[in-house]
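Welcome! Have the sequence and the 3D view at hand, and try each exercise before you read its solution.

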Amino acid sequence: QDALQARFDEAMARLDTALELARRTDADDVVAHALNYRGVALVTLGDETGLADLRESVGLAQVLGHADYTTVAAHNLAVMLLRSARIAEAEPYLELGAAVAREHRLETAAYRLEAQRCYVLTLRGHWDEAERRLRALLDAGDEPGANAVNPLAFLGRLLARRGDPAGAGFVEQAWQLAGATGEEQK
């Protein structure tokens, strides 16, 4: 919860403890999970060694056949890479996560990954396709909860770049939802 709520300094001590205990007890699923969140915390705190943790998390989750952990770690690694404008490095992880989500019918993971894929489209200048796919995500009818923060923000920023005043409304919705869920870091 500390990592999800952007309390990364607090999360580090717990994550290191969890990782040590999991390795001592051969709980590889817990190792994968702890590496995922420690990687996010480290990278967010400015330590790029967290990318190695995230890569290890993805690999271990794949070896274990743990689809949920694979999609979460692939998503988080891609997001950390995108924050550093490392688009080409992020794309294979987005594709991996999306493929695993489809195969195992992990709808929430598929939603999060599709939002990031739309962000990549925006960064690559494919604004029409990004807008179409973001609107499709937001109009899907399912209640995505906090997962709607990124598509709302991405669509709002894209529209604002085009000079469309509706963009501000999407960004405001994203901010309100992020604040209501305690996930302002999104």
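**Exercise 1. Find the helix that holds Gly59, and decide whether Gly59 is buried, partly exposed or exposed.**

Step 1: Gly59 belongs to helix α3, residues 50-64. Helices here are DSSP runs of H or I with at least four residues, strands are runs of E with at least two, and both are numbered from the N terminus.

Step 2: The relative accessible area of Gly59 is 28%, so Gly59 is partly exposed. The cut-offs are under 20% for buried, over 50% for exposed and partly exposed in between, with a 1.4 Å probe and protein chains only.

Step 3: Look for Ala32, 27 residues away along the chain; its C-alpha atom is 8.4 Å from that of Gly59.

Before you go on, some ground rules: this is a predicted model, in which local features need pLDDT of at least 70 and side-chain atom pairs count only at pLDDT 80 or more, while totals for chains, interfaces and linings use all residues. Residues are numbered from 1 along each chain as its sequence is written, and side-chain values use heavy atoms, with hydrogens and water left out.

**Exercise 2. Check the length of helix α1, then find what its buried residues pack against.**

Step 1: The expected span is 1.5 Å times one less than the number of residues. Helix α1 (residues 8-24) has 17 residues and should therefore span 24 Å, in agreement with the 24 Å between its end C-alpha atoms.

Step 2: List the buried residues of α1: Phe8, Ala11, Met12, Leu15, Leu19 and Ala22. An α-helix has 3.6 residues a turn, so residues three or four places apart point the same way.

Step 3: The partner of these buried residues is α2 (28-44); contact means heavy atoms within 4.5 Å.

Step 4: After α1 comes Asp26, with a positive phi near 55°.

**Exercise 3. Work out which helix gives the most to the lining of the largest cavity.**

Step 1: A search of the whole structure turns up one cavity of 30 Å³ or more. On a 1 Å grid over the protein atoms alone, a cavity is a set of points where a 1.4 Å probe fits but cannot get out, and lining residues have an atom within 4 Å of a point. Grid points are joined across faces, edges and corners, and a volume is the space filled by probe spheres set on the points.

Step 2: With four residues, α8 gives the most.

Terms used. 1 Å grid on protein atoms, 1.4 Å probe; cavity = no way out; pocket = protein on both sides within 12 Å on 5 of 7 lines; lining within 4 Å.
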